[in-house]
Amino acid sequence: MNRLFGKVLLRALALVILVALVVWAASFLGVYNVAADDPHWPIVKNFLGSTMDHSVAARDGDIVVPDLKDAKMIAAGAAEYDSMCTACHLAPGLEENKLRAGLYPKPPSFARR
């Protein structure tokens, strides 16, 4: 019985090492296209999206939501959005632009929400 378990364990370990080597080789050789204008395979898209969601959730615990009724805070936020966000997420009255056309995935337009 122990001998059979040892053989199964050895084969499983060999398989894990083989998969790791294949993944490393694909990465090293640039087999997978990671260009921003080329859609990811569904499994990669799901993995990256899940990784991002979990990473953000693991780090958002100490964020304190400010007073959203403060007019100065709203004005400051609007100015920041205007200078930092409109190129990708647009603003009321802005149309599609060259920058957004080249982004994948395309950022949502918050001006239309």
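## Around H89

Leaving out residues up to four places away in sequence, H89 touches Y81, R100, P107, P108, S109, F110 and A111, where contact means heavy atoms within 4.5 Å. This is a predicted model, in which local features need pLDDT of at least 70, side-chain atom pairs count only at pLDDT 80 or more, and totals for chains, interfaces and linings use all residues. Residues are numbered from 1 along each chain as its sequence is written, and side-chain values use heavy atoms, with hydrogens and water left out.

H89 sits in helix α4, residues 86–89; helices here are DSSP runs of H or I with at least four residues, strands are runs of E with at least two, and both are numbered from the N terminus. H89 counts as buried because its relative accessibility is 19% (buried is under 20% relative accessible area, exposed over 50%, partly exposed in between, with a 1.4 Å probe and protein chains only). Its side chain also reaches the backbone oxygen of P108 at 2.8 Å. For such polar contacts, the pair of N or O atoms must be within 3.5 Å; within protein, one must be able to donate a hydrogen and the other to accept it, and residues adjacent in sequence count only if both atoms are side-chain atoms.

Y81 belongs to helix α3, residues 71–84. With a relative accessible area of 23%, Y81 is partly exposed. Its side chain reaches the backbone oxygen of H89 at 3.3 Å. Not counting residues up to four places away in sequence, Y81 touches T86, H89, L90, A91 and F110. Y81 and A91 are ten residues apart along the chain, and their C-alpha atoms are separated by 8.8 Å.

L90 is in the loop between α4 and α5 (98–101). It's a residue other than glycine with a positive phi, near 60°. L90 counts as buried, since its relative accessibility is 1%. Over in the segment after α5 you'll find S109, which counts as buried at 11% relative accessibility. Setting aside neighbours within four places in sequence, S109 is in contact with H89, L90 and R100.

## The whole chain

Zoom out and the protein chain has five helices and zero strands. The radius of gyration of the chain is 23 Å, while a compact globule of 113 residues would come in near 13 Å (taken over C-alpha atoms, with the globule rule being 2.2 Å times the number of residues to the power 0.38). The C-alpha atoms fill a box of roughly 75 × 35 × 20 Å along the principal axes.

Of the 113 residues, 6% count as buried. Among contacts between residues at least 6 apart in sequence, 14% join residues at least 24 apart.

## Pockets

The largest pocket has a volume of about 200 Å³. Ten residues line it, with H40, K45, L48, G49 and P105 nearest its centre. That lining divides into seven nonpolar, two polar and one charged. The second largest pocket has a volume of about 170 Å³, and V22, V23, A26, S27, G30, V31, Y32 and W41 line it.

A pocket is an open set of points on a 1 Å grid over the protein atoms alone, where a 1.4 Å probe fits, with protein on both sides within 12 Å along at least five of seven lines; lining residues have an atom within 4 Å of a point. Grid points are joined across faces, edges and corners, and the volume is the space filled by probe spheres set on the points. Ala, Val, Leu, Ile, Met, Phe, Trp, Tyr, Cys and Pro count as nonpolar, Asp, Glu, Lys and Arg as charged, and the others, Gly among them, as polar.
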